[in-house]
Amino acid sequence: MMDMVLEPYFKGEVFDITLVPISISYDRVLEESLLALELLGVPRPKESITGLFKASGVLQEDYGCMHVNFGRPLSARQLCEGKINWSEYNLIPRNLPQRPTAETQDCVNWLAHLIVRTQEEGSLISPWSLMACLLLQTPFTTLTEEGLQWHQLTEKTLWLRKLVLDFGARLNWPAHIPDSEVMSSTVALHHSIVHHKEDRIYLVQDEDPARQDPLSPEEGVMRMAVVVLMLVSYRNQALHVFVRPGILATAIHITKNTRKDELFSFFCFLRDVFSNEFIFIPGRAVQDFEEACSLLQKCGAVHISQQEVTVLETGLEVLSFLQKLLQPFLDSYQLMFRYLCEKEDHVFTEEQFLPDVRNLATKLILSGDLRTFEVLSSDTQKNVLSALRRLEAVTKLRVSQQKEYKVNKAAVSRTGDILSGKVPLESLHTTPDARLQCQVE
């Protein structure tokens with residue numbers, strides 16, 4: 001989209017283009033269950049007049065507020081200054097079609113990431129997003145059987161509210177309403193996901209009264225996955241606030257290292273692996289690392305010296321929360337690395353990959369060996385493929401009509417071992433066939 005928007009400027013048809021970052025935040029999304037089902041491979045129902053009448057009950061529900069934030073207008077001319085060699089464009093007639101140069105593509109990519117990052121900073125985080133972060137870190141047996149005590153959720157949410165404000169986020173928390181009332185009304189708004197009963201919070205588990213046969217274990221996993229992925233979508237609205245300090249907390253947890261340069265190298269590695277999950281502006285790894293250090297130091301989690309990042313006793317709760325926030329991504333990626341390494345063939349198609357990973361994850365969830373449902377999401381599965389292609393551990397076979405890939409099992413296995421802390425990051429650079437590089441600035 002950014003490429004199309006900037007094309008008239010690159011061709012010299014206009015002097016400048018003004019870009020206005022607009023952030024739209026929703027208290028509750030109308031199609032939350034449909035989006036979750038779609039991620040689990042269930043086709044979206046076709047739109048029809050009959051379907052619209054059937055949905056009239058849904059349209060009468062309360063969906064809270066929608067917040068629109070218009071950011072400061074940005075000049076494309078000023079942002080692109082010094083990034084493009086205009087002499088190449090001046091030598092070609094404007095009416096002739098032109099392929100964008102690598103320099104232009106890099107500039108467009110950088111600018112697109114900058115705009116989305118600005119949109120993130122302008123978004124308004126709801127109390128439910130904070131609660132979703134905490135509920136996803138609660139054991140599912142607690143949420144489905146005995147229930148999470150209301151006072152525990154309240155205490156942790158208020159603690160997280162302070163942390164979010166310390167991190168400089170924009171929070172939609174009414175100041176003139178008691179905290180208990182804000183949380184109660186928030187839970188009532190999201191009655192499709194949780195319900196409040198006898199001072200405890202439970203995940204909603206819909207039962208089909210018309211169904212005669214009991215659910216199979218696999219169907220039970222999928223039904224629970226719908227609710228979890230609905231929660232995940234609201235947690236994701238707040239992830240941009242935590243992701244940089246979260247990656248640093250994860251680097252500290254995995255490497256057990258305190259040296260600043262070593263942590264920076266691992267920070268860059270994680271930033272590269274998860275660049276399809278989160279928005280990172282290209283070429284700003286140093287600034288991202290410095291921001292992570294600054295935020296963790298500001299909330300009293302670590303002490304930063306010129307050479308060391310020292311964990312403080314007062315910061316263990318913050319670091320634990322941040323590390324658990326990113327753990328589902330680590331678990332999901334590791335499971336898919338495992339699947340690719342255990343496959344007999346070195347070539348696979350995307351049509352095989354998605355259902356096979358989903359079947360493997362379902363079995364592991366039922367056995368208790370896997371605790372994250374996010375690996376069942378087709379978005380996460382496709383992001384893993386994109387990450388491995390970028391790391392050159394998986395290559396796409398262009399001769400095939402299908403989306404066919406060839407896997408370098410040694411490179412995939414090594415990447416998984418580094419993510420788990422089994423081998424040091426340096427091993428990524430010592431094997432020529434993997435050709436995996438982490439840009440350390």
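Mentor: Start with burial. Buried means under 20% relative accessible area, exposed over 50%, and partly exposed in between, using a 1.4 Å probe and protein chains only. This is a predicted model: local features need pLDDT of at least 70, side-chain atom pairs count only at pLDDT 80 or more, and totals for chains, interfaces and linings use all residues. Residues are numbered from 1 along each chain as its sequence is written, and side-chain values use heavy atoms, with hydrogens and water left out.

Trainee: Which residues of α16 are buried?

Mentor: First, the term: helices are DSSP runs of H or I with at least four residues, strands are E runs of at least two, and both are numbered from the N terminus. An α-helix has 3.6 residues a turn, so residues three or four places apart point the same way. In α16, the buried residues are Glu 350, Phe 353, Leu 354, Val 357, Arg 358, Leu 360, Ala 361, Thr 362, Leu 364 and Ile 365. They pack against elements including α2 (32-39), α12 (217-255) and β12 (404-407). Contact here means heavy atoms within 4.5 Å.

Trainee: What follows α16?

Mentor: Gly 368, with a positive phi near 90°.

Trainee: Is Ser 129 buried or exposed?

Mentor: Buried, at 0% relative accessible area. Ser 129 sits in α8 (residues 127-135).
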